[in-house]
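This briefing concerns the structure displayed below. It is arranged by topic, beginning with the contact between the chains.

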Amino acid sequence: MRILSYSFETALHLSEPVREHDFLLRCRPKSAGGQTVLSTQTVVTPDTRLLELTDGFGNAVLAGRIAAEHDEFSFLSAGRVLVDRADQPCEHAHPMYRRPSALAACDEGIAAFARDAAGRDSADVAGDLWGCVRRISGALHAAMSYEPGSTFTTTSASEAFAQRRGVCQDYAHILIAALRSLGAAARYVNGLIVGDGATHAWVEVHDGSRWRGIDPTNDRDVDDDYIELAHGRDFSDCPIEAGVFRGGADQRQELFISVRDQSMRV
Amino acid sequence: MDAHDPAGRTDVAPYTGLVPHTPKINQQLARYGVKFGIYKDGTFNERLFPFDAIPRIIDARTWATLERGLAQRVDALNAYLRDIYGAKEIVREGVVPEDFAFASSGYLPQCEGVTPPCGIYSHISGIDLVEGTDGSWYVLEDNLRIPSGASYPLIARSLCRRCDDTTFRRVPVVDNRDYGRRLKEVMDHVNRGGINVVLTPGRYNAAYFEHAYLAEQADALLATPDELFCEDGRLYYRDAAAMRRVGAVYRRLSDEFLDPLCFRPDSLIGVPNLMAAYRAGSVAIVNAPGNGAADDKGLYYFVPKMVEYYLGERPILQNAPTYLPFYPDDMAYVLDHADSLVIKDVAEAGGYGVVFGSTLDADGLEAMKRAIRSEPRRFIAQEVVDFTCLPTYIGGEVVPRKADLRAFVLSGPTTTVWASGLTRYARQEGSVIVNSSQGGGFKDTWVLSR
């Protein structure tokens with residue numbers, strides 16, 4: 001169990017003013033699974049009213065609109081979260097997490113890779129599920145090279161696996177597709193991790209009674225260093241920020257993230 | 001014909017007076033822009049939808065049964081949608097297997113955890129039926145997304161009335177001009193505060209005529225996507241003159257294009273954050289997003305079971321006899337009778353589509369059976385229903401043509417069936433393909449009051 005303080009700011013610089021900017025943010029952690037949000041605040045600039053909702057996947061979302069012209073847009077999410085992955089509650093896995101999804105559909109290559117790495121044809125919860133998960137994650141970590149810029153947010157598991165290159169999003173998609181091909185329920189998680197200056201993505205696998213996290217990019221089990229922001233079948237269900245506006249402008253994005261262990265100050 | 005004779009009692013057909021007006025009515029339909037859009041193999045085509053003045057006539061007694069059966073079916077489908085996006089009891093109790101409930105591409109998890117205003121998902125349902133040569137009616141398909149076509153019989157009836165009003169004074173046809181009023185009643189019922197709008201993708205959409213016509217009939221504002229926006233969890237309409245809150249939107253664009261921040265991010269015809277406003281409960285979307293979960297091919301088999309499960313009633317209307325190879329008994333039957341069944345692929349893309357076993361050669365049949373054996377959940381099989389022909393005026397003579405019926409069921413304060421409907425007929429003699437995409441035409445549907 002740890003208390004993490006986090007601060008996460010995204011700034012969008014636009015080359016020309018835009019208007020009628022509608023956005024949807026999943027930048028606020030939610031008390032669920034093995035984490036409890038102790039405090040949280042969100043600041044959007046330019047200032048606007050935010051509608052707080054829960055989406056179809058159970059994530060906290062903030063919807064807003066900036067009608068007036070602006071050439072800067074930023075959102076800051078900061079707070080403290082108590083993380084205790086050992087105390088993950090029991091919950092049911094929705095069947096959709098066993099099925100292929102847009103960006104995490106399996107192909108023959110991934111299925112064969114999954115069988116070889118797992119050493120079996122199915123990953124059933126009664127057997128050595130977590131052993132399978134770790135073996136596939138380890139094999140994937142070894143097979144892939146981490147290369148920022150080698151993929152896009154719309155790159156599928158198949159495309160990334162074919163080139164054996166990608167970023168955390170791609171590692172997660174391939175692992176999800178591999179696990180689903182063996183019959184497991186797996187989902188995509190967007191979030192933050194201690195010591196990393198970027199947002200991160202990993203995988204949760206349902207072990208028959210609860211969700212457990214595995215991070216194929218770092219080849220490690222998800223522990224109390226991780227804060228979940230949102231989950232879905234794959235990235236397309238739960239982007240941290242989505243927006244549309246009027247006006248043709250080039251964008252430049254800056255990220256400022258810090259996640260620190262605050263446990264000693266409790 | 002004696003003016004007091006009820007329809008059908010003389011040997012002169014009740015519609016005889018209308019037939020000579022057929023070319024004139026078709027000219028006027030073309031002028032109004034009554035067209036059908038067909039999206040096929042990646043290209044979009046529009047064509048005129050020929051009107052045949054000889055109506056389908058349904059007697060009052062038959063209609064009473066259809067009416068009860070249709071309302072019952074739609075009530076069960078609405079109950080299913082509430083359940084599948086909520087507690088999922090029908091799946092937990094094994095009445096609908098998980099593989100079918102969630103495999104459908106129409107099931108949208110983005111719609112989980114929100115109940116639409118008044119619990120109504122399918123406000124306007126288009127149920128496609130045929131009358132079998134055995135005399136009973138069969139439902140072939142439920143359309144719960146945005147079923148189109150109500151405007152065709154509406155406008156055709158009004159043109160017929162203009163050409164030959166005496167026919168409608170002589171024959172006891174139930175007036176169908178109340179469709180707009182019923183639509184308004186449905187929208188008012190679910191409206192969360194504000195005006196009613198009909199959202200059209202725009203004037204270049206093939207069904208623009210219908211959008212404009214229905215908006216006018218239902219006394220709703222016709223809006224294009226750029227006239228709508230969401231702020232603070234509410235939907236607004238804005239034009240040069242004013243800004244008004246919208247409480248119900250009858251949208252004539254499909255789920256995937258509805259909101260680029262929730263569904264397809266590349267949609268240019270959606271309203272950003274409409275789903276957020278909907279989830280906040282401030283606007284009704286007519287029909288609700290996610291309805292495809294109940295009208296996919298794979299779910300059709302289960303609709304009579306839904307009637308029993310949710311309503312505790314026996315289904316009044318029957319499906320065409322359908323088999324799921326997923327069940328071992330059905331598998332055996334399907335493999336034995338593949339050459340006489342219609343086989344439908346329920347997988348969404350790159351599939352076999354709809355195949356009549358009778359059209360396959362020995363190799364094709366074997367390949368189909370192998371596919372069914374290896375992926376039983378992917379297929380459903382149906383008996384070919386031999387359905388009746390209607391007299392149709394083609395090329396100067398009256399000839400028999402196969403025809404189906406799309407009945408419109410409206411769910412508002414109560415579930416009611418519009419006493420009319422779109423009858424579509426096949427272009428070729430003997431053909432069972434009544435889709436407008438295959439060049440067929442349409443007829444008015446007369447429901448007799450006695």
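Two residues are taken to be in contact if their C-beta atoms, placed from the backbone, lie within 7 Å. On that basis, the contact between the chains takes 17 residues from chain A and 21 residues from chain B. The model is predicted.

**Contact between the chains**

- On the side of chain A that touches chain B, the elements giving two or more residues are β1 (2-25), β3 (51-54), β4 (60-66) and β13 (241-246) of chain A.
- The residues on this side of chain A comprise 9 nonpolar, 2 polar and 6 charged.

**Domains of chain A**

- Chain A is assigned domain 1 (2-85 + 240-265) and domain 2 (90-237).
- A distance of 24 Å separates the C-alpha centres of domain 1 of chain A and domain 2 of chain A.
- Their contact takes 20 residues from domain 1 of chain A and 18 residues from domain 2 of chain A.
- On the side of domain 1 of chain A that touches domain 2 of chain A, at least two residues each are supplied by β1, β5 (70-83) and β14 (251-261) of chain A.
- That side of domain 1 of chain A divides into 12 nonpolar, 3 polar and 5 charged residues.

**Annotated span**

- An unreviewed UniProt entry lists residues 160-218 of chain A as "domain: Transglutaminase-like".
- This span of chain A is 31% helix and 37% strand, and its end C-alpha atoms lie 17 Å apart.

**Nonpolar cores**

- The largest nonpolar core has 195 residues, of which A:Ile136, A:Ile174, A:Leu175, A:Leu179, A:Val203 and B:Val249 touch the most other members.
- Helix α4 (residues 168-181) of chain A gives the most to this core, with 9 residues.
- Apart from this core lies another, of 5 residues, among them B:Leu390, B:Ala403, B:Tyr425 and B:Ala426.
- Leaving aside residues up to four places away in sequence, A:Ile136 touches A:Ala114, A:Ala117, A:Ala118, A:Leu175, A:Ala178 and A:Leu179.

**Helix α8 of chain B**

- In α8 (residues 208-217) of chain B, the buried residues are B:Glu210, B:His211, B:Tyr213, B:Leu214, B:Ala215 and B:Gln217.
- These buried residues pack against α5 (151-163), α7 (179-190), β6 (195-199) and β7 (221-223) of chain B.
- After α8(B) comes B:Asp219, which has a positive phi, near 60 degrees.

**An exposed loop residue**

- B:Pro413 is located in the loop between β18 (397-411) and β19 (415-417) of chain B.
- B:Pro413 counts as exposed because it has 12 C-beta neighbours inside 10 Å.
- The C-alpha atoms of B:Pro413 and B:Val434 are 33 Å apart, the two residues being 21 residues apart along the chain.

Methods. Residues numbered from 1 in each chain as written. Chains lettered and ligands numbered in written order. Predicted model: local features only at pLDDT ≥ 70, side-chain atom pairs only at ≥ 80, totals over all residues. UniProt positions renumbered as here; feature names shortened; annotations may be inferred. Helix = DSSP H or I, 4+ residues; strand = E, 2+ residues; numbered from the N terminus. Buried ≥ 20, exposed ≤ 12 C-beta atoms within 10 Å, placed from the backbone. Core = buried A, V, L, I, M, F, W, Y, C linked by C-beta atoms within 7 Å. Nonpolar A, V, L, I, M, F, W, Y, C, P; charged D, E, K, R; others polar. Domains from an automatic or database assignment.
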